[in-house]
Amino acid sequence: MRVGAIVLAAGEGRRFGGNKLIVTVDGKPVITRVLRALNGIDRVIIVGAYAEELLHYLRNEVVIYNPDYREGISTSIRLGLRFFQDYDAVLIVLGDMPLITRETINKIINAYREGCTAVIPTHKGLRGNPVLIHRSLFNELMRLKGDVGARELLRDRADVCYVECGPEVIMDIDTLDDLARIERIIKEYSEQ
């Protein structure tokens with residue numbers, strides 16, 4: 001199965017108060033940590049509000065500028081889907097999830113089986129990210145509008161598969177408090 005990764009990195013970070021993707025977590029920028037988890041996977045990074053700042057961190061990457069980023073996440077997903085239109089599936093990856101690992105990415109991809117239209121990682125009953133979407137849903141994803149991601153499309157579908165993962169699938173950075181929580185977790189883990 002040919003899987004591409006759409007990395008969503010176009011947002012304004014309003015709740016955070018700026019570009020959260022270049023903030024360092026355990027010595028590395030958030031976006032760098034996310035991309036490291038995707039090593040070996042074809043990927044495209046969709047940028048917008050902080051395109052110029054991010055380019056420094058995205059050398060040797062395929063980058064698409066989303067001029068419509070203010071219209072919401074659906075515009076970035078559509079750009080990524082166009083890029084991967086010939087692939088069997090895509091991973092929709094949030095650029096602000098610094099704890100995501102290649103092991104988790106592999107677990108999500110390996111959980112795909114015939115009959116699934118999507119694989120959603122969960123942690124203790126909570127739905128997380130990144131989500132794997134089979135090409136059979138690409139047309140429906142292309143019709144999304146506004147600040148809506150795949151969550152709405154996948155709600156209450158019987159053909160969605162779930163895979164239990166660690167807490168990294170539910171931990172993104174929306175606020176400074178989120179960043180502090182992630183830094184505490186990394187510190188506690190390193191002290192064990």
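Reply: The buried residues of helix H3 (73–83) pack against S1, strand S4 (42–47), strand S5 (63–65), S6, helix H5 (138–142) and H6; contact means heavy atoms within 4.5 Å. Helices (H or I, at least four residues) and strands (E, at least two) are DSSP runs, numbered from the N terminus. This is a predicted model, in which local features need pLDDT of at least 70 and side-chain atom pairs count only at pLDDT 80 or more, while totals for chains, interfaces and linings use all residues. Residues are numbered from 1 along each chain as its sequence is written, and side-chain values use heavy atoms, with hydrogens and water left out.

Because eight of the eleven residues of H3 are buried, the helix is largely enclosed by the rest of the structure. Buried means under 20% relative accessible area (1.4 Å probe, protein chains only). The buried residues are Ser74, Thr75, Ser76, Ile77, Arg78, Leu79, Gly80 and Leu81.

Among the packing partners of H3 is S1, a strand that is mostly covered, with seven of its seven residues buried. From S1, Val3, Ala5, Val7 and Ala9 point one way, and Gly4, Ile6 and Leu8 point the other way. Strands pair if DSSP finds at least two bridges between them. S1 runs parallel to S6, joined by six bridges, and Gly4 has Val90 of S6 as its bridge partner. S1 also pairs with S4 in the parallel sense over six bridges, where Ala9 is partnered by Val47.

Notes
Buried < 20%, exposed > 50% of the residue type's maximum accessible area, 1.4 Å probe, protein only.
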